[in-house]
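Hi there,

Here is the structure I promised to pass on.

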Number of protein chains: 2
Amino acid sequence: MGITKTESFTTQQNELANILKALAHPARVAIIDYLLTVDECICSDIVNELPLAQPTVSQHLKELKNAGIIKGSIDGKSICYCIDEKKIIILREYLDAILLSIKQTDKICQ
Amino acid sequence: MGITKTESFTTQQNELANILKALAHPARVAIIDYLLTVDECICSDIVNELPLAQPTVSQHLKELKNAGIIKGSIDGKSICYCIDEKKIIILREYLDAILLSIKQTDKICQ
DNA sequence: TTATAATATTGCAATATTACGATAATAAAA
DNA sequence: TTTTATTATCGTAATATTGCAATATTATAA
């Protein structure tokens with residue numbers, strides 16, 4: 001019926017999928033990339049940087065924030081966003097576990 | 001208009017988003033998890049393992065395969081799927097780069 | 001050849017995502 | 001208070017995703 005069967009999967013599987021989904025858009029990858037290039041916790045010249053309208057950028061930022069990948073703090077009339085590494089670490093640990101598990105079993109499939 | 005502006009982003013950003021998108025569903029995370037628990041390159045008792053209909057599982061497998069995250073080889077009348085680590089490694093390297101970059105600049109934003 | 005088993009594809013309904021114009025909300029500056 | 005700058009929200013159109021029944025395909029087995 002088009003609705004993800006969230007209840008059929010484990011909490012961990014859903015959490016990982018949420019983190020992955022938040023990052024799974026080129027605009028959001030671009031936002032992360034941009035946040036890494038600026039020395040200071042820059043606000044939204046992200047809008048100037050990306051070829052997207054302000055509401056679109058705002059929506060992408062909201063999704064990243066909801067997923068806990070970035071955090072924002074109010075700074076005068078602008079908002080200072082930066083990456084929150086916790087979820088990135090969770091994701092990296094998952095990938096590490098996958099790679100370790102593959103190494104150990106060393107499948108020959110194909 | 002609802003269509004992702006792929007051409008507005010770099011090849012790398014789009015590639016990363018594609019890998020992330022392929023993994024960004026609890027059913028597909030569950031498939032990966034299952035593939036890791038079976039010693040051999042198991043085929044599709046994935047259908048028996050997951051609470052999803054066979055066509056749905058088949059579609060998820062197709063997406064994982066298209067993204068290069070799993071590979072499948074024909075084995076009689078069944079198909080043997082297993083994880084292809086290349087894309088996982090690309091993803092981990094990206095996360096490493098993010099974490100390294102955060103460490104270096106050490107932002108105070110918050 | 002005719003089952004049978006394992007996967008894939010098609011078609012469709014339900015829902016989610018993406019993008020943006022218009023507009024609202026918030027807060028400093030004049 | 002009025003302006004201005006920054007960000008968020010609403011509404012909506014276009015498109016994508018999810019899930020499955022029905023059916024097709026493929027390949028072994030009988």
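Let me begin with a pair in chain A: the side chains of A:K86 and A:D84 form a salt bridge, with N and O 3.2 Å apart. The two partners sit in contrasting surroundings. A:K86 is exposed, with a relative accessible area of 54%, whereas A:D84 is buried, at 12%. Please keep in mind throughout that this is a predicted model.

Over all chains, a search of the whole structure finds six salt bridges, and two are between chain B and chain A. In one of these, the side chains of A:D96 and B:R92 meet with N and O 2.9 Å apart. A:D96 belongs to helix α5 (residues 85-105) of chain A and B:R92 to helix α5 of chain B, so this pair joins two chains. Both ends are partly exposed: A:D96 has a relative accessible area of 28%, and B:R92 has 27%. There is also a salt bridge between B:D96 and A:R92, where the closest N and O atoms are 2.9 Å apart.

As for the rest of that contact, six residue pairs are in polar contact between chain B and chain A, counting pairs with both residues at pLDDT 80 or more. On the side of chain B that touches chain A, the elements giving two or more residues are α1 (11-23), α2 (26-37), β1, β2 and α5 (85-105) of chain B. Among these, α5(B) gives the most, with 13 residues. The contact takes 49 residues from chain B and 50 residues from chain A.

How much area is buried between the two chains? The size of an interface is often given as the accessible area lost when the parts come together. Between chain B and chain A, about 4,500 Å² is buried, and carbon and sulfur atoms give 72% of this.

B:R28 pairs with B:E63, the closest N and O atoms being 3.2 Å apart. This links distant parts of the chain, since B:R28 lies in helix α2 and B:E63 in helix α4 (residues 54-66) of chain B, 35 residues apart. B:R28 is buried, with a relative accessible area of 6%, while B:E63 is partly exposed at 32%.

In chain A, A:R28 is in helix α2 (residues 26-37). A:R28 counts as buried, because its relative accessible area is 6%. A polar atom of the A:R28 side chain lies 3.2 Å from the backbone oxygen of A:K21. Leaving aside neighbours within four places in sequence, A:R28 is in contact with A:K21, A:A22, A:H60, A:E63 and A:L64.

Next, the strands of chain B. Strand β1 (residues 70-75) and strand β2 (residues 78-83) pair in the antiparallel sense over six bridges.

Last, the cysteines. How many disulfides does the structure hold over all chains? The count is zero. Of the cysteines, A:C82 is buried at 4% relative accessibility, and B:C80 is buried too, with a relative accessible area of 10%.

Best wishes

Notes. Residues numbered from 1 in each chain as written. Chains lettered and ligands numbered in written order. Predicted model: local features only at pLDDT ≥ 70, side-chain atom pairs only at ≥ 80, totals over all residues. Heavy atoms only, no water. Pairing = 2+ DSSP bridges. Helix = DSSP H or I, 4+ residues; strand = E, 2+ residues; numbered from the N terminus. Disulfide = S-S within 2.5 Å. Buried < 20%, exposed > 50% of the residue type's maximum accessible area, 1.4 Å probe, protein only. Contact = heavy atoms within 4.5 Å. Buried area = accessible area lost by both parts, 1.4 Å probe. Salt bridge = Lys/Arg side-chain N within 4 Å of Asp/Glu carboxyl O. Polar contact = N/O pair within 3.5 Å; in protein donor to acceptor, adjacent residues only side chain to side chain.
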